[in-house]
Amino acid sequence: MAGISSHPVLRQVPSRSAFFCFFCLSVLPFLLRSSVCFRFFVHSPFLSVRSSVLGSSVCPFFRFFSVLLSVFGDAFSATQDFCVKLLRRGSNNTLLSDFLSRRTTFRQNSCVVEKHKKLISLFYVFICTIVKISCTLEQKVMKNSYHICLSGGDEVLFRTEEDYNRAFNCLALAGYELDSSLMAEAIMSTHLHLCARTESPEELARIFRYPYARYFNSKYKRRGRLGERVPFVIQLDGLYHHLSALSYTLRNPVHHGVALTPFAYPHSSACALFRHALGRNHSEDCLQKQFHARYLPSRAEYPDSYKMNSFGVFVRESVIDTSDVEHMFSSPRSFLYYMNRLSGEEWMREQEKDGNNRYPITLEHIESGINMNTLHQMLSNENGRFDSRAMTDIQLCELIDMQLLPMYGVASVYELSRNGKERLGNYLCSTYKLSKSQVSRCLAY
């Protein structure tokens, strides 16, 4: 079987095509092997009675399966182990070659195999056929790239550093559960921008939002759905379309006036890219895996490659597909150029080179639902014309939650009455010179 590793079927067997293999090669044979009733029916001494009742043509059918089960018992066990591995972490040529090479072991160890050489060959052809079909299905269900925006509307979704960290952890777990590739993200106070390769962006958003909403509602004694029901999704197609979406995602903190550069904002993946080339190759102190549970939802599943720092958040470069994104930007110099490039028509003309007739990614398009005043302010922020010393949403929320709410005898803004929120809002506006819109979203009214 030396030629198995070079078989054209073994060039690539993606993990998402394993379900069909698992059902056809593992579930059905496993049920047959583990069924006591079936074994009794096959090996029963009353076979002659059954033959007289069912007819002589039925008896050879059961004898055929009896021989098949005795000959390929180990084969079905090997198939089951192989498919479980394939479903969990994907496969490669070595794994599949090792599985198929067990055919020679069956030849050597089974005393009745020589009598059933044709049956063994058919079994091998059956396996290869199933793999071919699964690869064909994989090609039809290729993962597309999307920009996903989850918005809280006029409500702050992340009030403290702990909330931001929990949000990214939930996002990482959602990507792993759905077998999605996260390319870039930026977690803002009222919304979240994400670029990902996934089969279902809506499902990815749902899997992220459910555990985070449970955490948020429990922590702040809140009820109801958190954020908009349906995320805003843009499908990405073409190199420049991807580069524009990635750049706008990573530059979102600059547009909202909370950071002078994308690298100054801690809750995005900008600093995870080109770390060595940009002088950010210092290592973080990571927690051992037995201490991760306190920062994650219950029964969370994730690979060992996910590292968690001392603040209880997954290290972004262990979660984000940095190699894919770095390949798109091609070089650190190009990456820095896109991170500092101003918005304008040049972005639109560049995306026309993709030739896919997709609507170009612009600041107005990617920030769906914003009014013109907000758009002009974001463009002004992009040029650095904003007060970097102004109080941010997270600073205001911490001021409210830690210092002001105890004076009202409540633990959360969601326990304040409407009148209490209005009095507290007027105090904040007059004392700290804050806008009414910022105060209202941080007080959730």
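**Figure 1. Overview of the salt bridges in the predicted model.** The count comes to 18 salt bridges, where a salt bridge is defined as a side-chain nitrogen of Lys or Arg within 4 Å of a carboxyl oxygen of Asp or Glu. This is a predicted model, in which local features need pLDDT of at least 70 and side-chain atom pairs count only at pLDDT 80 or more, while totals for chains, interfaces and linings use all residues. Residues are numbered from 1 along each chain as its sequence is written, and side-chain values use heavy atoms, with hydrogens and water left out.

**Figure 2. Close-up of the salt bridge between Glu-162 and Lys-219.** The closest N and O atoms of Glu-162 and Lys-219 are 3.0 Å apart. Together with Asp-163, Glu-162 and Lys-219 are linked in a network of salt bridges.

**Figure 3. Close-up of the salt bridge between Arg-275 and Glu-317.** In this salt bridge, the closest N and O atoms are 3.4 Å apart. The pair links distant parts of the chain, 42 residues apart, with Arg-275 in the loop between helix H11 (252-255) and helix H12 (316-319), and Glu-317 in helix H12. Arg-275 is buried, with a relative accessible area of 16%, whereas Glu-317 is partly exposed, with a value of 29%.

**Figure 4. Close-up of the salt bridge between Arg-349 and Glu-345.** Here the closest N and O atoms are 3.7 Å apart. Both residues belong to helix H15 (residues 345-351), and because they are four residues apart, about one helical turn separates them. Arg-349 is partly exposed, with a relative accessible area of 48%, while Glu-345 counts as exposed at 58% relative accessibility.

**Figure 5. Close-up of the surroundings of Asp-393.** Asp-393 is placed in helix H18 (residues 393-408) and is buried, with a relative accessible area of 9%. Leaving aside residues up to four places away in sequence, Asp-393 touches Val-156, Ser-189, Thr-190, Gln-438, Arg-441 and Cys-442, contact meaning heavy atoms within 4.5 Å. Asp-393 and Arg-159 are 234 residues apart in sequence, yet 7.5 Å apart in space, C-alpha to C-alpha.

How values were computed: Helix = DSSP H or I, 4+ residues; strand = E, 2+ residues; numbered from the N terminus. Buried < 20%, exposed > 50% of the residue type's maximum accessible area, 1.4 Å probe, protein only.
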